[in-house]
Amino acid sequence: MNANTTHADGSASEQHQFLRGNYFAMLAHGLLGQTGFRLIMAPTFVPAYIFVLSGSELVVGVALAAQHLGAALSSMPGGTLLESRRRVLPVLFLMGGLMRSQILVIALAGLWLSPSLSLAVTCLALFLFGLFAGMQGVTFQTILGKIIPVEVRGGLTGFRNATAGLVSAAVAFTGGAYFIEANTWGNGYAVTFLVAFTLTMLGMMTLIFVREPTDVPVRATAGFRERMREMPALLRSDSAYTAFVIARSVAAIGVMAVPYYVIFAGERVGLTGETVGILSVAFLLAATVSDLLWGLMADRTGNRLVFATSVGLWAAATISLLFVPPTTFWMIVVFAAVGTGMGGYQIGSINLILEFGDQEDRPMRIAMANTAHSLVYALAPLLGGLLTLVVSHPTIFVLASLAQLISLGIILFLVDEPRYRDSYRAIEDAEGAPFRDVTAALRIEPLRPNVEAIEALRRTATKEGFTFLDRLVDHWNSGQHGFGHPGEKLIGGYDGSTLVALGCLTQDPQSEDQRAGRIRHFYVLPNYRRHGVGREIITDLIENADQHFDVVRLATEKEGPARFLETLGFVGSNHIGATHEIVFGGSAMRNA
């Protein structure tokens, strides 16, 4: 692929050029760099440690609320800072270092200070951990979207989380069974956090091997207040993205039960250091194994299904705490199920954000989603702590599960799979209503994608929640894509003087093979669907395409368009990000 072929995930040529090194650097970072983060976020060590220091379930909720409040405060400023920067890796190092230093503070406070002072310092450190983690989270997701193509992103995330889970499980078992149980150095929890800090700092150093693409679109520098005024329009531009933000935040209400999993289990089987260690290992090992499967599932079926399945599992695991026998074995089973559900929820929600919108808007979309998510994460433990004063743990678990089921309904009925958007609207004229041929009056001509030419289509597409026509115009005006490579073309279908449909054929941005094409940016006005317009546009696009491409791919999620494509010579495709392809011959590898 030529160097100036740019797509929504940054510079395709630089992505593929640096992919091998970046892939292994990110894997190594996952092996060590996430260890401290995993232990801080696990529903065992920190809640148990705060409870030991304070003896109060309400204080546990307040401490965890402070952590997530910090993340909520920093995500939006972080997005504003990043969206005008071509290089964001230095910010990742700075925020990652500051975030990890708070783990060291918690460890040293536990070793050197009295329990009351240690509790105060730990709560402050958790707030600062969240503050730096909020900006670091936006930065990391932005980097991930820039350097890793969508077709392998799920698998990488799964492998990263799995390796992090293995190391975290080892540290958790050692910390629980040896450090905490033996009260090493007078505070086994603090020693565990010290080991985690050492490993996670070593892991962060692996990021020096990451090569960050710089040939990417960025927004002009704008002030924080100016960008805040634009947020309502950004949310209105994509109703599915807005629904996803709501679904993710509603699911996060389930976090109000998380600090009390280990306390509830301790009431039933005893809260010893060994118990904390064993349940932590169950949680982390289950997340480790399942992350591999969640990642592969994301690459094959999309992150929407991963999100929905994992949220449902998390809800079921929470409820099951109320019904399993009070034995260590069944507590291990439940914590393993919780780890599996929460692991998939993290993979699905983090990766799904990256598939909405364009590169230049991505930091702010991540920031908005993370801010809403962190606010709920901050309020939910506090709400849970207040509820413990008036209701029992089972009531909290039921309320948490109900919130997750509501989230499941939103994601299933209001959110589409965004990775297929560019294509499936193209061919909706194949299903639903009786066919009426209006193609006799249809005129197909080459098109220049200026605003005036496609304004009517753009407005209608935006109302339906699709922004890819905006991206098409922006890329044309900026010179990022002029359809100048051999075989590339943009065409429009006219009814008289009215533009009613358009589509383009380009080199496939998700393939390194320059003789692989993809039908993209395809849209038909609603009143002209199911009238043969889509057939004419696609037929024109693939006519003579064999002179420049060996294979042309596209994607559709629906059965009707699939049958329609097959009448034009398309067959099923196993290529990531595509459902159908037409092969002309040559050196194309259909499943490459």
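Q: Which residues in α16 are buried?
A: In α16, the buried residues are His 393, Ile 396, Phe 397, Ala 400, Ser 401, Ala 403, Gln 404, Ser 407, Leu 408, Ile 410 and Ile 411, where buried means under 20% relative accessible area, exposed over 50% and partly exposed in between, with a 1.4 Å probe and protein chains only. Helices here are DSSP runs of H or I with at least four residues, strands are runs of E with at least two, and both are numbered from the N terminus.

Q: Before I go on, what sort of model is this?
A: This is a predicted model, in which local features need pLDDT of at least 70 and side-chain atom pairs count only at pLDDT 80 or more, whereas totals for chains, interfaces and linings use all residues. Residues are numbered from 1 along each chain as its sequence is written, and side-chain values use heavy atoms, with hydrogens and water left out.

Q: What do the buried residues of α16 pack against?
A: They pack against α4 (57-82), α10 (239-252), α11, α13 (303-320), α14 (328-353) and α15 (362-387), with contact meaning heavy atoms within 4.5 Å.

Q: How do α11 and α16 cross?
A: The axes of α11 (residues 259-269) and α16 (residues 393-414) come within 11 Å and cross at roughly 145°; axes are lines fitted to C-alpha atoms, for helices over the stretch in contact, and angles run from 0 to 180 degrees between N-to-C directions.

Q: And which residues meet there?
A: From α11, Tyr 260, Tyr 261, Ile 263, Phe 264 and Glu 267 meet His 393, Pro 394 and Phe 397 of α16.

Q: Switching to α10, where does Ser 249 sit, and what does Ser 249 touch?
A: Ser 249 is in helix α10 and is buried, because its relative accessible area is 10%. Leaving aside residues up to four places away in sequence, Ser 249 touches Ala 372, His 373 and Val 376.

Q: Is Trp 185 buried or exposed?
A: Trp 185 counts as exposed, because its relative accessibility is 63%.

Q: What about the phi of His 521?
A: His 521 has a positive phi of about 45°, although this residue is not a glycine either. His 521 is found in strand β6 (residues 516-524) and counts as buried, because its relative accessibility is 4%.
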